[in-house]
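Dear colleague,

Please find below the sequence and the structure that I am handing over to you. My findings follow directly after them.

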Amino acid sequence: MSELLQIGSPNERPRPPKADELNLKFSDQAVKELEGLKTHYPTLKACILPALWIAQREYGGFLSGEAIAEVAHRLKRSYAEVEGVATFYTMYNSVHKPGKHKIEVCTCLSCHFNGAFRIRDYVTAKLGIRHGETTEDGMFMLEEVECLNACDRAPLLQVGDKYHGPVDEAYIDNLLEDLRNREESTVVQMADQIVQCHLETSERVGKVLD
Amino acid sequence: MAEYKLLLKHSDKPEFRTFSGYVANGGYEGLKKAVEMERQGVIDEVKASGLRGRGGAGFPSWIKWNGLPKEKKAPHYVLCNADEGEPGTFKDKMLMETCPFQLIEGMTIAGYAVQAEKGFIYIRGEFIDAAKSLRRAIDEAYANGYLGKNVLGKGFDFDLYLHLGAGSYECGEESALMSSLMGERGMPRLKFPHAPLPTVSGVWEKPTLINNVETYSCAPHIVARGGEWYASLGASTKNSRGTKIFSVSGHVNNPGNFEIEFGTPLKELLAMAGGVKGGALKACIPGGSSMPIITAEEVDRAIIGYEEMQEVKSMVGSGGCMFFNEHTDIVMLAWRTALFYANESCGKCTPCREGTKWMLQILERIIEGKGKPGDIDLLKDVAGQIEGRSFCALGDAAAWPVQGMIRQFRHEFEYYIEHGKSMVTSERAMALRP
């Protein structure tokens, strides 16, 4: 059976830091990027989503209580409001700290009927992790996801900023080996690329990669 | 009828993604012509073209374009809905990756026509390749004076921003997309007639034009070659004009995007995709997962068109066309569809939030072999209570496929409940079970 609806529980929310414990960690680059973003929208509130992407990069892929508090502080919004946004969207890692690479297996219609559950079970057996779990070495996190909209490549999976499909067992063997030694397609790099895509040429500190 | 490539004509050329390659292949002719016209003239061309929204609903586009105030009192916005999430659809992804300038030109034309000086493209977060392609194209368009201050020296300003989502199907619903763009949870807002139309009060409560990627991508062609010319495509249908891109996937030999003229028989689309693989054709979901399923016999006689598809009680939708072979367990298909909507329901309104979970639970017990007599009627009852009662169309989209599958394949549900197992027992079918 699919485990899609079973991730996190209210008890597992990170605690917000107390006001006097606020420890701002955004790098100079992040601060500059956020300043650029603010010029795109008529309100500061509209910066919450992109700012959370910046935070996801700056805090190593995980929107901890500190990360959410920093975004709230920098955008003059309440902690609760920013946390509400962060927990609504599935691509923000606000429940668990993810592994270095997040493996997202699509099990929606076209993928399902082209063998996606076999692929998911293979990854589970190979890495010993289920939906929402991370390997002990912190290398991989597995997630079952809804349609990634590349159904012509079913069965499909996404790792960071790259789509892989159609995949079979041999492909996954090679991919996992390859990812262990790779610094690309990480959770952090994906967040960075999303931030770079938001920014105009003059505001960009990083690069839009190929 | 064969493929008719209008939007995807140059999609296989890597240079089409660059400014010089785009211009060399006839790009920006539409915008150059548009800025010499009256603003209303541009809208009249869109009206003459008969263009209907390509995101799924098929609403006449010109009514939106014409709906923004002619006397500008506040900023106007142009939004592009690029939050493609409908299972089975991948046309917008391809349009953005391979033809980014076409979309940018279309939005710039729209910006000129409705007097907007800012545009936003809301792309789903997973589409990094599409976002990168658009980012490079927008940077080049600025550098060449096709975006920014005083576009083409005609005294009109247009800034275009990319905004990436973060994983939510619901944000493809236009009012939820606006909520998300404003920095909120992606939940729908009150709609007409309970609230003003987006063209009067949309994002940031300002007049807003919102269209799908494919709709904007049509605009350069409509303006460059004339609305009447565009309307000559698909003239054999009742009221569907132009071309439509269909994303064909599932059990076909050659899945991919195929652009066809309206009026093409559905079976020809299947032939373009190389026919069914792995067995005989059993069923087809013609327009993305929300649309009712049709049988193989109906695939044979269906004609692609907004009104024409209603004859087989389905819809064109977003063009995500999935074909399924004889090894497909329809009850399993219903379960996976129900899971999708239960998972993606935003939680705002009760019929959808609760109803989708109920449908999922009932289907889950059926596929576990624990179905009860009366479960089919219970499913129909729950679906009927979601349909038309939810805050936005996601509720309808969750109800229709389940209702459609029961209507077309009721015997499979009955067999499953009676025997505690599927009537599709081939080895191939068993290998697909979760």
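Please note that this is a predicted model. I begin with a sheet in chain B, where five strands are arranged in the order β6-β5-β9-β7-β8. The sheet is open, and its pairing is mixed. Its edges are formed by β6 (256–261) and β8 (294–295) of chain B, each of which pairs on one side only.

B:A283 has B:T295 of β8(B) as its bridge partner. Across β7 and β8 of chain B lies helix α16 (residues 394–419) of chain B, which runs at about 155° to β7(B).

Helix α6 (residues 100–113) of chain B packs against helix α9 (residues 213–225) of chain B at an angle of about 75°, and the axes are 7 Å apart. Since angles of 65 to 115 degrees count as roughly perpendicular, α6(B) is therefore roughly perpendicular to α9(B). On the α6(B) side, the contact is made by B:Q102, B:L103, B:E105, B:G106, B:M107, B:I109 and B:A110. From α9(B), the contributing residues are B:V213, B:Y216, B:S217, B:A219, B:P220, B:H221 and B:V223.

I turn next to the interface between the two chains. Chain A contributes 57 residues to the contact and chain B contributes 73 residues. Between chain A and chain B, about 5,300 Å² is buried, and carbon and sulfur atoms give 60% of that area. Of the area that chain A buries against chain B, 15% is supplied by A:M1, A:L109 and A:F113, more than by any other three residues.

Five salt bridges are counted between chain A and chain B. A:R204 and B:D139 form a salt bridge in which the closest N and O atoms are 2.6 Å apart.

Over all chains, a search of the whole structure finds 43 salt bridges. One further example is found within chain A, where the side chains of A:K38 and A:E35 meet in a salt bridge at 3.2 Å, N to O. Both A:K38 and A:E35 belong to helix α1 (residues 28–38) of chain A, and they are three residues apart, about one turn of the helix.

With kind regards

Technical notes
Residues numbered from 1 in each chain as written. Chains lettered and ligands numbered in written order. Predicted model: local features only at pLDDT ≥ 70, side-chain atom pairs only at ≥ 80, totals over all residues. Heavy atoms only, no water. Axes fitted to C-alpha atoms, helices over the stretch in contact; angles between N-to-C directions. Helix = DSSP H or I, 4+ residues; strand = E, 2+ residues; numbered from the N terminus. Parallel < 35°, antiparallel > 145°, perpendicular 65-115°, else oblique. Contact = heavy atoms within 4.5 Å. Pairing = 2+ DSSP bridges. Buried area = accessible area lost by both parts, 1.4 Å probe. Salt bridge = Lys/Arg side-chain N within 4 Å of Asp/Glu carboxyl O.
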